Amino acid sequence: MHNRIEKFFESVCAKTVTFWVRETNEISMKFASKRGYVQDRVLAESKLDLVNFDSSSFVQKIESAMVNGLEILGMNELGDTEETWLMIHKLLCDSDDAPDIELWGHPTFADFYENTRNALWYVPEGLLVAKWKDEYVGFHSAGPLPSSDGWTTDYTGVVPSARRNGIALAIKVEGAKVAR
């Protein structure tokens with residue numbers, strides 16, 4: 001099957017091919033190595049124990065952000081409108097400056113809306129928008145995993161001009177509170 005997949009990529013002139021291999025899966029690592037794939041990056045995955053999560057160590061930083069003009073708004077306050085979704089899509093494009101974004105690009109509005117608003121994990125209370133000094137500057141999206149007691153985080157981002165002010169931390173902690 002691997003050979004068929006490679007031929008398909010060649011037939012469509014794919015510029016980039018990415019395979020996700022967990023380093024804990026020895027068989028997959030050997031498979032990738034044998035075929036000449038090299039490790040390009042390492043992604044970290046963490047799991048938060050929502051039942052025992054104690055946000056008290058973050059209170060001072062979050063309160064400082066709030067005093068300096070941070071508001072955290074949910075979809076109930078913002079309204080589930082096309083205008084709101086366009087604003088959130090713009091925040092994604094303005095805040096996502098990952099080192100390889102030039103390879104992936106940002107999703108179109110239609111793709112973003114479909115893959116977020118219509119995701120199985122989407123719930124309105126899980127989408128939080130940060131407003132700082134009267135401007136929308138970031139968002140955090142999370143929701144319950146189907147057939148699970150846990151939640152997943154889809155994205156957290158803050159525009160570069162508003163970073164280093166505790167905004168991402170505040171919306172992530174608020175997201176954890178919502179997930180409880």
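Biologist: What share of the 180 residues of the protein chain counts as buried?

Modeller: The share is 32%. Buried means under 20% relative accessible area, exposed means over 50%, and partly exposed lies in between (1.4 Å probe, protein chains only). This is a predicted model: local features need pLDDT of at least 70, side-chain atom pairs count only at pLDDT 80 or more, and totals for chains, interfaces and linings use all residues. Residues are numbered from 1 along each chain as its sequence is written, and side-chain values use heavy atoms, without hydrogens and water.

Biologist: How many helices and strands are in the protein chain?

Modeller: Eight helices and four strands. Helices are DSSP runs of H or I with at least four residues, strands are runs of E with at least two, and both are numbered from the N terminus. In that direction the order is α-α-α-β-α-α-α-α-β-β-β-α. The C-alpha trace spans about 55 × 35 × 35 Å along its principal axes.

Biologist: What share of the contacts with a separation of 6 or more joins residues 24 or more positions apart?

Modeller: That share is 59%. A contact means heavy atoms within 4.5 Å.

Biologist: What makes helix α1 lie largely in the open?

Modeller: Count its buried residues. Helix α1 covers residues 2-11, and one of its ten residues is buried, so the helix lies largely in the open. Just after α1 comes Cys13, with a positive phi of about 55°.

Biologist: How many aromatic pairs are there?

Modeller: Seven aromatic pairs. Rings of Phe, Tyr and Trp (its six-membered ring) pair if their centres lie within 6.5 Å; planes under 30 degrees apart are stacked, over 60 edge-to-face, and the rest tilted.

Biologist: Why is the pair of Phe109 and Tyr113 called tilted?

Modeller: The ring centres are 6.0 Å apart, within the 6.5 Å limit. Phe109 and Tyr113 are four residues apart in helix α7 (residues 109-117), which puts about one helical turn between them.

Biologist: Is Phe109 buried, exposed or partly exposed, and which of these is Tyr113?

Modeller: Phe109 has a relative accessible area of 22%, so it is partly exposed. Tyr113 comes to 29% and is also partly exposed. Both values fall between the 20% and 50% limits. Phe109 and Tyr113 belong to a cluster linked by ring pairs, together with Trp85, Phe112, Tyr122, Phe139 and Tyr155.

Biologist: What is the volume of the largest pocket?

Modeller: About 2000 Å³. A pocket is an open set of points on a 1 Å grid over the protein atoms alone, where a 1.4 Å probe fits, with protein on both sides within 12 Å along at least five of seven lines; lining residues have an atom within 4 Å of a point. The volume is the space filled by probe spheres set on points that are joined across faces, edges and corners. Among the 46 lining residues, Trp20, Arg41, Val42, Leu43 and Ala44 are the closest to the centre of the largest pocket. Elements that give two or more residues to this lining are α2 (26-34), α5 (82-95), α6 (101-104), α7, β4 (151-158) and α8 (167-179).

Biologist: How do the lining residues of the largest pocket divide?

Modeller: Into 22 nonpolar, 13 polar and eleven charged. Ala, Val, Leu, Ile, Met, Phe, Trp, Tyr, Cys and Pro count as nonpolar, Asp, Glu, Lys and Arg as charged, and the others, including Gly, as polar.

Biologist: Which element supplies the largest share of the lining of the second largest pocket?

Modeller: Helix α8 does, with six residues. The second largest pocket has a volume of about 590 Å³. Its lining holds 21 residues, with Ser46, Lys47, Leu48, Trp151 and Thr153 closest to the centre. They divide into eleven nonpolar, six polar and four charged.

Biologist: What makes Asp134 exposed?

Modeller: Its relative accessible area is 67%, over the 50% limit. Asp134 sits in the loop between β2 (127-132) and β3. Its phi is positive, about 65°, although Asp134 is not a glycine.

Biologist: Where is Arg164 found?

Modeller: In the loop between β4 and α8. Arg164 is exposed, at 81% relative accessible area. Its phi is positive too, near 70°.

Biologist: How do you know that Asp149 counts as exposed?

Modeller: Its relative accessibility is 81%, and exposed means over 50%. Asp149 lies in the loop between β3 and β4. Its C-alpha atom is 9.9 Å from that of Ala179, 30 residues apart along the chain.
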